[in-house]
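Okay, thanks for coming, everyone.

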Amino acid sequence: MKHYVRYLGQGFCYLLFIAFLGYFSGSPSYTHVPADKALIKFSFTHPGKRLVACVTQTRAQLQKLSPQLRYGKKCPRERSPLLVEFAMDGKVIYNAKVQPRGLSKDLPSPVYQRFIVPAGEHRFRVRMQDDIRKPGYPYFAKKKIKLKKLQTLVIDFNNVRKQFVFE
Amino acid sequence: MSTLCASALEKPLMSIVKNNFIYRILKSIQGVGQWMFQQTEGLTNAWFGPKNNPFYYLGGLTFYFLYVLVITGIYILIFYDTSVEGAYASVEYITHDQWYLGGIMRSIHRYASDAMILTMILHMLRRFYNDRYNGGRTFSWVTGVPLLWMVFITGILGYWLVWDQLGQFIAVRTFEWIDWLPVIAEPTARNFLTNEGMTNTLFRLLVVTHLALPLFLLGAMLVHTNRLHLPKVNPPRQLAVGVTLALLILSLLHPALSHAPADLRIAPSTLTFDWFYLGIYALMGVWSMKMVWIIIGGGSLLIMLLPWLPPRKRDPVAVVEDHLCSGCNLCVEDCPYEAIRLEPRTDNHKHFVMVAAVVSGKCVSCGICLASCPVSTPFRSGPALKSAIEMPDRGLQAMKTEMVEALASIKCDSKVLLFGCENTASIDKLQQLGVARMSLRCSGMLPVSFIDYALRNGADGVFISACRTGDCYHRLGNRWARQRLSGERKPELRGRVPRQRVCFHQGAAADFDKLAQHLQQFCQSLKRPQTVVANVLKDGEQSLL
């Protein structure tokens, strides 16, 4: 094969290499959130109430235990799941019974949901029950918010003040 | 008795495996892929030559891109601010204010990482299609899958560190993906809910991970090639210069740029996407996190298990005949998989202190060691002809018997004995030419003394068909065969053998026509000795010694 044909062939290969890398390193573009939408992140962690109340142990019961296990109260670790509901413009878009984490179900229940919604004004309502044995929703919030295009709205729960936060 | 039972079972077992539906599907897929690779490699062979063919150095190119990444990465690190607030500004500085060096370094860093993915994927596909991922190569195949993961993680972290909109998108989506695993107590993606939640500690941890992973990667890549003799860990200089220039040109034409700075109050919208690394994130937008885990996790596991799917019969490994072995080390030097080593003798031999030993787990039964052994000669007499290192299912005596029978069967005018590697163009269809044929597991399995023997016992010529230069199924067999014939490697072809009566052909499995044509030319040249068919051809595809 003639030299110039070999060099042309090599040049073609390098050109293909450059074109392939150059194109797929940036194209086609990917749209995560459309430009006319907004993103809502509904996320919090909250420990449910203990499912079984602590029991005070009698002296006789304590005597049966090894010295290092003699605590005055016996507290089963399992916590209640959370009942969570999130509504936008009067329509429930998330409703779940969120189980606590951990092998003994003794850790907080996590919620992490994301919703892509049209930008504009929306009415939000969130409520949560952390004791499955009781009726109703003791934690409740509602708010009207005008979402800008591509705004990220975070709806969290403040475990100190025991209330939902819109950020 | 047990040997008889084993051999009686082998044929039905192979029959079951070969009639297996999965096996047939696998072979069909491999056939299509192999054809495509061989056609492409045929072109690149013609343009680059076998010594610079990029397809023969995909692993070496991957190593090379890693070196480029380390060098450019160190330069970028000098100017990089590892805090959340300063990261973006520092990257913008090197991209725009120092475009002539820092900007180019950044672009080369990015494109070299993309090229690394490209060469790794091609390397893996080529191994798979050419059926070079099981047996002795299983270790390299299995260790290659985590390497791919490590490269992906390192590259993704690199995008993250720019801390622009793309970095923000990657950070949040990665943790949302990880959070799907039920072992995570609190969603880690909550770290990215607000700008205030992002800490320098977390960010610096990511920087350190991005810097440390390549070190592990380099170590893991060395482990990956650990079981191979003479692995190609460096590309030839011409190829290295070529790809470096290509990366430089691409960096100048299409420099890597950042998106807008990250702001967790604003959702990333349309992103310039690097599909080499970020394709998985596009899947997250289409399918659930669970499905993505199944595809990525299940896919990786399936790829790792491929060498055992379907289970195949393993050929018996080489066996050393201690009393014949002189410990000359030739087989140790020739084994492509480092499956032979020398050990101190325990039999109190009068003259020799070392003896060869086969590591059965590494041996692929290619038979190359049989041809390395100086004892492997058919000229020896005796009741049982044996080499110092034997293939139990096809020993020296069996090969000699097969050759003698083949010589007796020659029907054409030019009495040519054809030795053909079974992993390249099939020699079965050459029956019509009337030449005697003898199939070998590898061209490197042929002891050169067999050529001498054949020519002294009725053959007019000997034709050897081997894999393409630089592309041996058993890695080094064709190279060793060629060097033994040309006298560059021991045991070499004796000087008394007339070279014009020996032809060494190299070609791909798809190049059957070229093989047939070359063989016919060789047969004709034997009738007219003054005609020279071909000297050592420039492209290295075939040669008449």
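Predicted model: local features only at pLDDT ≥ 70, side-chain atom pairs only at ≥ 80, totals over all residues.

Let me start with a question: how many bridges join β10(A) to β11(A), and do they run parallel or antiparallel? There are four bridges between β10(A) and β11(A), and the two strands run antiparallel.

Now, how do the two chains meet? On the A side, 37 residues are in contact with 37 residues of chain B. The elements of chain A that each supply at least two residues to that side are α1 (3–24), β1 (30–31), β2 (37–46), β7 (109–118) and β10 (152–158). The one that gives the most is α1(A), with 10 residues.

β1(A) is joined by two bridges to strand β1 of chain B, residues 270–271, and the pair runs antiparallel. Look for Thr31(A) here: its bridge partner in β1(B) is Thr270(B).

Back to α1(A), then. This helix packs with α9(B) at an angle of about 45 degrees, and their axes are 10 Å apart. That angle makes α1(A) oblique to α9(B), and the crossing is right-handed. From α1(A), the residues making the contact are Tyr14(A), Phe17(A), Ile18(A), Leu21(A) and Gly22(A), and from α9(B) they are Gly242(B), Ala246(B), Ile249(B) and Leu250(B). By class, that contact comes out as seven nonpolar, two polar and no charged residues.

Stay on α9(B) for a second, residues 237–253 of chain B, as there's another helix to look at, α5(B), residues 99–129. The axes of α5(B) and α9(B) come within 9 Å and cross at roughly 120 degrees. So α5(B) is oblique to α9(B), and this crossing is right-handed. Which residues meet there? In α5(B), they're Ile104(B), Ser107(B), Ile108(B), Tyr111(B), Ala112(B) and Ala115(B), and in α9(B) they meet Leu247(B), Leu248(B), Leu250(B), Ser251(B) and Leu252(B). The tally for α5(B) with α9(B) is nine nonpolar, two polar and no charged residues. Leu250(B) is on this list, and Leu250(B) also turns up in the contact with α1(A).

Last stop, the domains of chain B. The domain assignment gives domain 1 as 2–308 and domain 2 as 319–544. Their C-alpha centres lie 40 Å apart. What touches what? In chain B, 18 residues of domain 1 are in contact with 20 residues of domain 2. On the domain 1 side of that contact, you get six nonpolar, nine polar and three charged residues.

Terms used
Residues numbered from 1 in each chain as written. Chains lettered and ligands numbered in written order. Contact = placed C-beta atoms within 7 Å. Pairing = 2+ DSSP bridges. Axes fitted to C-alpha atoms, helices over the stretch in contact; angles between N-to-C directions. Parallel < 35°, antiparallel > 145°, perpendicular 65-115°, else oblique. Left-handed = near helix turned anticlockwise from the far one by under 90°. Nonpolar A, V, L, I, M, F, W, Y, C, P; charged D, E, K, R; others polar. Domains from an automatic or database assignment.
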